[in-house]
Amino acid sequence: MQVIDYKCPNCGSGMVYDSESGMLSCHSCGRQDNIETLPDPLASVNPTFAGDEAQEYHCNSCGAVILTEAETAATTCSFCGSGVVLGDRLTGKLAPAQVIPFAISKEEAMTTFRKWCRNGLLTPKGFMTADRIKGITGIYVPFWLYDLNNQIEVRAKATKVKSYTRGDYHITETSHFDVYRNIRLNYVKVPIDAAAKMNDELMDKLEPFPYNQLKSFKTPYLAGYIAEKYSYTDKELFPRVKEKISSYIDAYIQSTMSGYSSVNYTNKQIDTRSVRADYVLLPVWVVHYDYNKLEHTFAMNGQTGKVVGKPPISKAKVTAWFAGISGISLLSLKLISWSMGGGFW
């Protein structure tokens with residue numbers, strides 16, 4: 001079992017990935033190394049990890065035992081704080097093709113989250129201070145990026161209704177059409193998170209990720225962060241990606257049949273095929289927030305700073321908000337009534 005860490009050649013301290021500079025950095029002496037020029041220690045590793053149970057590793061810095069869950073591919077040593085990468089969990093079929101590195105530091109993530117909390121107009125006052133953060137963790141979440149080809153055939157009955165007046169007659173003409181569409185529709189880089197422990201709804205709402213920032217995978221990007229390996233293969237998640245794009249396909253079909261008064265489908269066949277599926281790691285800050293003796297989990301896009309999650313709602317603020325809306329509506333009705341010379345009671 002291979003444990004990979006990065007020691008500073010100058011002072012021997014642990015080096016981690018720095019989101020601001022994009023370099024492998026030593027916080028002790030300030031040394032920075034270009035990740036793209038570093039040799040990849042996984043290049044000579046043979047894939048041996050079974051991947052179905054917890055494993056015991058030893059920290060190269062202090063020798064402490066690192067006991068991880070089966071899904072963990074990178075972590076930090078609980079004793080000395082060194083960032084470690086579990087090399088045998090990132091080889092063979094478990095090797096990511098690409099990674100989007102973190103662009104937002106932990107300090108920036110905290111600031112962004114506090115600002116987001118203050119924008120919650122209907123959240124309790126105590127929540128808006130954002131002073132109950134129990135923990136914030138940078139995690140590289142495994143995703144499959146699908147390129148999909150859709151062959152679509154649609155048959156429908158459609159009508160066009162035209163009304164006009166001729167003399168004393170109001171005439172309505174209805175024309176009937178048989179509609180046929182043969183569509184080839186392609187989607188690229190459709191993301192589906194592949195970690196069982198991550199909330200699918202939160203991960204979906206974190207989109208979009210800037211895929212122009214995808215880089216070929218190298219282990220130094222993981223140094224100092226947590227990383228998960230995928231729990232589900234691309235074939236296992238294929239039904240979910242088909243469901244995800246179904247609404248977009250329906251919207252596109254409808255756009256090709258505009259101009260009709262009514263459209264009723266008589267036959268719709270959609271053949272979706274996966275052209276390719278790339279295993280990638282995407283950056284996510286996970287925030288655990290303690291409020292009113294309950295823990296709330298939020299997620300932040302590690303590149304864009306977008307925050308998603310369900311904050312608590314203040315019943316008093318909601319009541320006041322509805323009361324305000326009702327008051328405005330009542331005042332508007334009075335003004336309209338007075339402008340028409342009447343009264344409103």
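## Basis of the description

The structure is a predicted model, in which local features need pLDDT of at least 70 and side-chain atom pairs count only at pLDDT 80 or more, whereas totals for chains, interfaces and linings use all residues. Residues are numbered from 1 along each chain as its sequence is written, and side-chain values use heavy atoms, with hydrogens and water left out.

## Overall composition

The secondary structure of the protein consists of five helices and 16 strands, where helices (H or I, at least four residues) and strands (E, at least two) are DSSP runs numbered from the N terminus. Of the 345 residues in the protein, 40% are buried; buried here stands for under 20% relative accessible area, exposed for over 50%, and partly exposed for what lies in between, with a 1.4 Å probe and protein chains only.

The accessible surface of the protein is about 19,200 Å², and carbon and sulfur atoms account for 51% of that surface; the areas come from the Shrake-Rupley method with a 1.4 Å probe, and for residues only the protein chains shown count as cover. Among contacts (heavy atoms within 4.5 Å) between residues at least 6 apart in sequence, 71% join residues that are at least 24 apart.

## Helix 1

Helix 1, which covers residues 106-118 and has 13 residues, reaches 19 Å from its first C-alpha to its last, close to the 18 Å expected at 1.5 Å a residue; that expected span is 1.5 Å times one less than the number of residues. Within helix 1, the residues A109, F113 and C117 are buried. Seen down the axis of helix 1, the buried residues fall within an arc of 70°, so they line one face of the helix, the arc being that of the directions from the helix axis to the C-beta atoms. The other side of helix 1 carries E107, T111, K115 and R118, which are exposed.

Three strands form an open sheet in the order 2-3-4, with antiparallel pairing. Strand 2 and strand 4 (32-33) stand at the edges, each with a single partner strand, so one side of each is left without a neighbour in the sheet. Two strands are taken to pair if DSSP finds at least two bridges between them.

Strand 2 (residues 15-18) pairs with strand 3 (residues 23-26) in the antiparallel sense over four bridges; M15 stands opposite C26 in strand 3, and V16 has S25 as its bridge partner. These two strands form a hairpin with four residues between them, and G22 in the turn has a positive phi of about 75°. Strand 3 and strand 4 also run antiparallel, joined by two bridges, with S25 opposite Q32 and L24 opposite D33. Their hairpin has five residues between the strands, and G30 takes a positive phi near 90° there.

## Two backbone features

A cis peptide bond, with omega of about 5°, joins E207 and P208, and P208 lies in the loop between helix 3 (200-205) and strand 12 (215-216). K189, although it is not a glycine, has a positive phi of about 55°. K189 lies in strand 11 (residues 169-193) and counts as partly exposed at 35% relative accessibility.

## Aromatic pairs around Y140

Rings of Phe, Tyr and Trp (its six-membered ring) are taken to pair if their centres lie within 6.5 Å, and planes under 30 degrees apart count as stacked, over 60 as edge-to-face and the rest as tilted. By this rule the model has 15 aromatic pairs. One of them joins F102 and Y140, whose ring centres are 4.9 Å apart with planes at 80°, so the pair is edge-to-face. This pair links distant parts of the chain, with F102 in the loop between strand 9 (98-99) and helix 1 and Y140 in strand 10 (residues 133-166), 38 residues apart. F102 is buried at 1% relative accessibility, and Y140 is buried with a relative accessible area of 0%.

Y140 also forms an edge-to-face pair with Y225, at 5.7 Å centre to centre and with 70° between the planes. Y140 lies in strand 10 and Y225 in the loop between strand 12 and strand 13 (226-228), so the pair ties together parts that are 85 residues apart in sequence. Y225, like Y140, is buried. One aromatic cluster is formed by Y17, F102, Y140, Y221, Y225 and W285.
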